[in-house]
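Here is a brisk report on strand pairing, salt bridges and a surface patch. Keep the sequence and the model in view as you read.

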Amino acid sequence: MEIISQNFLPQCSVVTWSSKLDKKRLVPRRSSTLLSGVVKRSRLVIRNGTTDGYVVGENEDLGSIARRGESKSKVLIPGLPDESNGEAGAQISRYRSEWKPKLTVHYEKSGCDNLEAPAVLFLPGFGVGSFHYEKQLTDLGRDYRVWAIDFLGQGLSLPTEDPTTISEETGALKKNNEPFWGFGDEAEPWADELVYSLDLWRDQVQYIVEEVIGEPVYIAGNSLGGYVALYFAATYPHLVKGVTLLNATPFWGLFPNPVRSPRLARLFPWSGTFPLPARVKQLTELVWQKISDPESIAEILKQVYTDHSTNVDKVFSRIVEITQHPAAAASFASIMFAPGGQLSFSEALSRCKKNDVQICLMYGREDPWVTPIWGKRIKKEIPNAPYYEISPAGHCPHDEVPEVVNYLMRGWIKHLESDGFEALPLLEDAEEDWEKSRIAREIEFPREGWKKAVSLWLYGRKYSFWSGVGEAFRSTVIRAFRGKSA
């Protein structure tokens with residue numbers, strides 16, 4: 001793979017309109033050509049390798065973005081690598097690495113051969129895997145060395161053997177072989193005390209960073225992956241150059257941690273270990289039958305993706321494929337009943353703040369699960385952390401608007417690598433801009449022959465949490481009324 005030279009670094013242009021003066025300046029971009037047109041009205045159709053499709057919603061006309069009065073400039077950014085225009089994306093390589101006996105980690109890697117290029121690691125949300133970062137691997141991999149992993153118990157990091165054994169007596173009572181792994185009578189030695197928990201995933205990330213990547217990284221996580229990224233940075237700050245939270249979930253694990261609260265933990269008879277207790281087996285079978293149904297998966301994707309024109313065929317197919325693995329149901333039960341981490345999200349954030357870990361926040365405004373108010377709460381705790389809010393975008397902005405997320409990540413990494421010499425994305429080199437409570441821009445980029453536009457806000461040092469709460473409430477009311485009128 002060729003080293004990307006300075007001449008081929010991504011570029012974009014920013015055009016600012018003012019009543020007094022017109023200005024233009026250049027910041028990194030890939031191409032100055034933007035395709036004209038509007039975004040077509042379309043339906044989100046998810047297919048599973050057949051001619052049948054699950055039609056789960058109709059897309060609003062995204063060709064027109066409501067002007068909010070505060071936006072004074074339009075930022076033109078590049079789209080994803082377009083092979084039809086001769087832009088080749090970075091190649092993705094896939095690996096499997098045995099971390100512990102019978103526990104194998106699947107991860108993907110892309111990137112230029114320049115060993116001086118920063119290392120970036122992506123952590124997935126619940127129920128998905130490294131495949132959810134394909135658009136980051138192919139795009140950001142042209143400038144950086146990029147990794148994405150599957151958490152143990154999810155994706156392609158599911159076990160390749162049944163973690164439990166079935167006694168001869170129990171086996172004789174069964175007419176058919178057990179369709180699910182993990183439903184046996186005793187745990188295999190390698191699965192003894194195995195729990196798919198935050199602590200396990202934090203240790204898994206440590207292994208990847210120290211043994212596979214071999215140097216400190218910029219780490220980014222969506223949803224559950226955001227919690228793990230923050231938890232890892234709080235525990236091993238020397239291995240982290242910066243953390244990007246993409247609609248990070250601020251809570252995980254309903255049961256007490258045995259290290260943190262040993263007496264309280266003993267009150268709960270089961271905490272996600274193998275084998276599953278009899279009652280949990282019955283409950284898991286009932287729940288799993290519902291949530292693994294393709295129509296249920298399609299409905300969930302409809303909820304988390306605001307832009308229903310987004311092509312989620314690959315994501316849908318991979319999720320369905322994962323649910324068909326014999327270890328998937330028991331792994332799901334282990335995850336759901338696993339204890340919380342030794343550090344809460346708030347405690348992990350406090351440690352990162354104490355250790356001066358650099359944090360960047362990128363949130364989809366229309367996320368129905370982890371609403372932006374959670375990002376604003378983090379911003380309140382760490383005023384110097386840049387907080388970007390994207391609209392329209394839902395729970396997975398990195399997959400729904402990857403052009404914007406990739407643009408922001410490039411700018412943020414450049415900002416840190418230059419020790420602040422390079423301005424943060426949306427700033428125009430003027431330090432006083434960062435003092436404002438909010439900076440708004442309209443972002444345009446090409447996608448599949450069409451021009452798309454989204455609104456983007458950067459909340460500065462003077463951001464007021466309570467004004468943000470009021471703004472979030474107003475946005476919720478407006479969306480509710482729009483839904484009723486529709």
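Strand 15 (residues 387-391) and strand 17 run antiparallel and are joined by five bridges. Strands pair here if DSSP finds at least two bridges between them. Serine 391 has serine 455 of strand 17 as its bridge partner. Helices (H or I, at least four residues) and strands (E, at least two) are DSSP runs, numbered from the N terminus.

This is a predicted model, in which local features need pLDDT of at least 70, side-chain atom pairs count only at pLDDT 80 or more, and totals for chains, interfaces and linings use all residues. Residues are numbered from 1 along each chain as its sequence is written, and side-chain values use heavy atoms, with hydrogens and water left out.

Strand 17 also pairs with strand 16, antiparallel, over 10 bridges. Alanine 440 is the bridge partner of tryptophan 457 in strand 17. Strands 16 and 17 form a hairpin with two residues between them. Glutamate 448, in the turn, has a positive phi of about 50°. Strand 17 (residues 450-459) has eight of its 10 residues buried, so it is largely enclosed by the rest of the structure. Buried means under 20% relative accessible area, exposed over 50%, and partly exposed in between (1.4 Å probe, protein chains only).

Now the charged pairs. The whole structure holds 18 salt bridges. A salt bridge is a side-chain nitrogen of Lys or Arg within 4 Å of a carboxyl oxygen of Asp or Glu. Three of them are tabulated below.

| Salt bridge | Closest N to O |
|---|---|
| Aspartate 139 – arginine 142 | 3.2 Å |
| Arginine 410 – aspartate 139 | 2.9 Å |

Asp139, Arg142, Asp143 and Arg410 are linked in a salt-bridge network. Arginine 142 is buried, at 13% relative accessible area. Aspartate 139 is buried too, at 2%. Arginine 410 lies in helix 13 (residues 402-417) and aspartate 139 in helix 1 (residues 134-140), so their pair ties together parts 271 residues apart in sequence. Arginine 410 counts as buried, at 10% relative accessibility.

Finally, the surface. Phenylalanine 268 sits in the loop between helix 5 (262-265) and helix 6 (278-291). Phenylalanine 268 is partly exposed, with a relative accessible area of 34%.
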